[in-house]
Structures are given as C-alpha cells and as structure tokens.
Amino acid sequence: WMVLQHRGRGGGQALVERHRALAQRLAALVDAAPDLERVAPVELSIVVFRYAPESLRGDEPRLDALNKRLMEHIQSEGGAFITNAVIGGHFALRACILHYATSEEDVSALIEIVRRTGAALT
C-alpha cells in the first residue's frame with residue numbers, strides 16, 4: 001500500500017518491472033559462472049541458485065553443507081544479504097530483489113561475493 005501511495009500505480013509497475021529485469025540479469029550471471037548453478041526458473045524477482053564447484057558436483061550432502069555455510073558467512077559479513085530455499089530436498093541460495101535502490105552493480109557484487117566466499121570455504 002505504501003509503495004502505491006508513494007509511487008502510484010504506474011510507478012509501482014515500473015518498480016516491479018525493474019526488479020524483474022535485475023533478477024534476469026542475476027540469473028544470466030549465475031548461468032555464465034562455471035561454479036554456480038541456477039536451480040529454479042526466474043518468474044518474479046527471486047533467483048535460486050547454489051555454489052557448485054566442479055570438484056563437488058554430484059556430492060549433494062557436501063554441496064548442501066557448503067551452501068549453508070556460505071549463506072551464513074555472507075550474512076555475518078554484511079556485504080550482502082541472501083537467504084535460502086530448499087529445492088528438490090537440497091539447500092540453495094535465494095536472492096530476492098525488492099529494494100528500490102538495487103542496481104546492476106549490486107547484482108554483480110552479489111555474484112562476486114558468493115563466488116569469492118564459496119572458493120574460500122571450499
């Protein structure tokens with residue numbers, strides 16, 4: 001209601017479209033990274049993916065544990081905020097773009113943080 005009050009219907013629609021475009025950009029970056037894999041289609045502003053280095057592919061329990069540690073580490077560091085989802089019984093990272101000031105640079109930074117942190121934890 002507050003978004004509609006502040007921005008109006010057209011402004012709210014533009015914001016949703018912008019967030020969806022940023023989610024598509026994030027999904028494209030995930031798809032292009034050799035150590036990341038997207039685990040769900042992007043329908044709104046949510047991208048669900050996981051850090052999956054080649055050395056751990058196929059070892060689902062270790063990938064689940066690594067991604068949980070990765071999420072907790074990123075949250076505790078404060079450089080980004082990412083939550084989780086369980087898809088097909090497996091732990092995944094969940095990025096939801098909702099903040100009005102989120103930029104393409106923020107999306108790129110999230111990917112860098114996930115990949116750097118994942119490599120350090122592996």
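Predicted model: local features only at pLDDT ≥ 70, side-chain atom pairs only at ≥ 80, totals over all residues.

**Entry 1: the strands**

Residues are numbered from 1 along each chain as its sequence is written, and side-chain values use heavy atoms, with hydrogens and water left out.

For the names of elements, I use DSSP runs numbered from the N terminus, where helices are H or I with at least four residues and strands are E with at least two. Two strands pair if DSSP finds at least two bridges between them.

Strand S2 (residues 46–51) runs antiparallel to strand S4 (residues 90–96), and 4 bridges join them. Strand S3 (residues 83–87) is also antiparallel to S4, with 5 bridges, and here I found Val-86 opposite Phe-91. What lies between S3 and S4? I see a hairpin with 2 residues between the strands, and Gly-88 in the turn has a positive phi of about 60°.

I then looked up His-90, which lies in strand S4. His-90 counts as partly exposed because its relative accessibility is 27%; buried means under 20% relative accessible area, exposed over 50%, and partly exposed in between, with a 1.4 Å probe and protein chains only. From His-90 to Arg-50 I read 9.7 Å, C-alpha to C-alpha, although they are 40 residues apart in sequence.

**Entry 2: the helices**

Helix H2 (residues 60–77) has 18 residues and reaches 25 Å from its first C-alpha to its last, close to the 26 Å expected at 1.5 Å a residue, where the expected span is 1.5 Å times one less than the number of residues. Its buried residues are Leu-63, Asp-64, Leu-66, Asn-67, Leu-70, Met-71 and Ile-74. They cover an arc of only 165° around the axis, which puts them on the same side of H2; the arc is that of the directions from the helix axis to the C-beta atoms. Pro-61, Arg-62 and Ser-76 are exposed on the face turned away from the buried side of H2.

In H3, I listed Val-107, Leu-110, Ile-111, Ile-113, Val-114, Thr-117 and Gly-118 as buried. Seen down the axis of H3, these buried residues fall within an arc of 160°, so they line one face of the helix. On the other side of H3, Glu-105, Glu-112, Arg-116 and Ala-120 are exposed.

I placed Ala-23 in helix H1 (residues 2–32), and Ala-23 is buried, with a relative accessible area of 0%. Ala-23 and Val-107 are 84 residues apart in sequence, yet 8.3 Å apart in space, C-alpha to C-alpha.

**Entry 3: the largest pocket**

How much space lies in the largest pocket? I read about 330 Å³. Of the 18 residues that line the largest pocket, the closest to its centre are Phe-81, Cys-96, Ile-97, Thr-102 and Leu-110. S4 and helix H3 (104–121) are the elements that give two or more residues to this lining, and H3 provides the largest share, 5 residues.

Note on methods:
1 Å grid on protein atoms, 1.4 Å probe; cavity = no way out; pocket = protein on both sides within 12 Å on 5 of 7 lines; lining within 4 Å. Points joined across faces, edges and corners; volume = space filled by probe spheres on them.
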